[in-house]
Amino acid sequence: MIIKLCLDTQKFSKKPTEEEISKIAARIGCHVKEISIKDFAKSIIIPNGKTYSPSVFKDGQRNIKNWISQQIFVVDIENDSLENVLDTCERVNLFPTFIYTPFNSDNEFKMVFVMDEVIQDIRVRNLVIRSLLEVFPQAKTETRDPSRIIYGGREVIYENFSYVESIPNLIFAACSVIRNSTNASRNMYNFCRDVGIDMENGYPKFFTFHDEKDMPEVNSSNVYVSMTKKCKSFINNIYKSTLFSHMGYVIYFCYNNTQDCFF
């Protein structure tokens, strides 16, 4: 799979200095790159250690209002073990494509999730991040920032480069965690309110379908429909599988896709 993101050209073997970061931040929005997942992983670890932004921006201007699209999402985990995090992944059937260690920390790592579709709707982008933070509450909150830049690191410590995640599987994982929490009803309400999704029967109003004839009724601009032809089936619990289905999905949001509304 080829992904599209902003990837800087300068190589590092340690975290950039503040002066270097300032220069990277000013130019990185113009360095849009289409690259394979495996080559991307190689480009951000030593001896390359390049800085990147998971998002693509309008006119090369890296800021929240110019966000255009995103396919990879990075979750920063601190003060937890790789074993514990992968146990969580197994429990909710949600896996990263690879994990790497940063330059300057021995108790931190970055989980890189690659979605099976390019996300061009800021509401869905917010949903992905919020769901990941629900599953991994120990993650750093700067993960929420669509315009963040992320530094490279030392080495890849977990890899499954052929694996991609789907929006349905991510929602199911987040709901699974919430269902098993204390005050589950309140937490589910807060989750839906935070991401702006309508609720139905105590859950996010969200449906999947395999054939277009089975697609639920769509009569509002607040509804997001995806009919991606290569969505990983949420029924498949074998995380290394490369099987795909024709599953589509519909999300009933509470508001239109306007950046003014979101921000």
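A: S55 has a relative accessibility of 1% and therefore counts as buried, where buried means under 20% relative accessible area, exposed over 50% and partly exposed in between, with a 1.4 Å probe and protein chains only. The model is predicted, so that local features need pLDDT of at least 70 and side-chain atom pairs count only at pLDDT 80 or more, whereas totals for chains, interfaces and linings use all residues. Residues are numbered from 1 along each chain as its sequence is written, and side-chain values use heavy atoms, with hydrogens and water left out.

S55 belongs to strand β4 (residues 55-57); helices (H or I, at least four residues) and strands (E, at least two) are DSSP runs numbered from the N terminus. Its side chain makes a polar contact of 3.3 Å with the side chain of W67, a polar contact being a pair of N or O atoms within 3.5 Å in which, within protein, one atom must be able to donate a hydrogen and the other to accept it, and residues adjacent in sequence count only if both atoms are side-chain atoms. A polar atom of the S55 side chain also lies 2.8 Å from the backbone oxygen of P146. Leaving aside residues up to four places away in sequence, S55 touches L5, C6, W67, S69, Q70 and P146, contact meaning heavy atoms within 4.5 Å.

I64 sits in the loop between β4 and β5 (67-78) and, at 30% relative accessibility, counts as partly exposed. The C-alpha atoms of I64 and S147 are separated by 5.4 Å, although these residues are 83 positions apart along the chain.

Turning to the aromatic side chains, a search of the whole structure finds 10 aromatic pairs; rings of Phe, Tyr and Trp (its six-membered ring) pair if their centres lie within 6.5 Å, and planes under 30 degrees apart count as stacked, over 60 as edge-to-face and the rest as tilted. One of these is the edge-to-face pair of F40 and Y52, with 5.0 Å from centre to centre and 90° between the planes. F40 lies in helix α2 (residues 37-44) and Y52 in strand β3 (residues 52-53), 12 residues apart, and both F40 and Y52 are buried. Ring pairs join F40, Y52, F98, Y100 and F161 into a cluster.

The rings of F172 and F206 are edge-to-face because their planes stand at 65°, with centres 5.6 Å apart. As F172 lies in helix α5 and F206 in strand β11 (residues 206-209), this pair ties together parts that are 34 residues apart in sequence. F172 is partly exposed, with a relative accessible area of 29%, whereas F206 is buried at 11%.

Helix α5 (residues 167-179) also meets helix α6 (residues 184-195), their axes coming within 8 Å and crossing at roughly 145°; the axes are lines fitted to C-alpha atoms, for helices over the stretch in contact, and angles run from 0 to 180 degrees between N-to-C directions. A174, C175, I178 and R179 of α5 make this contact with A184, N187, M188 and F191 of α6.

Among contacts with a separation of 6 or more, 75% come from residues 24 or more positions apart.
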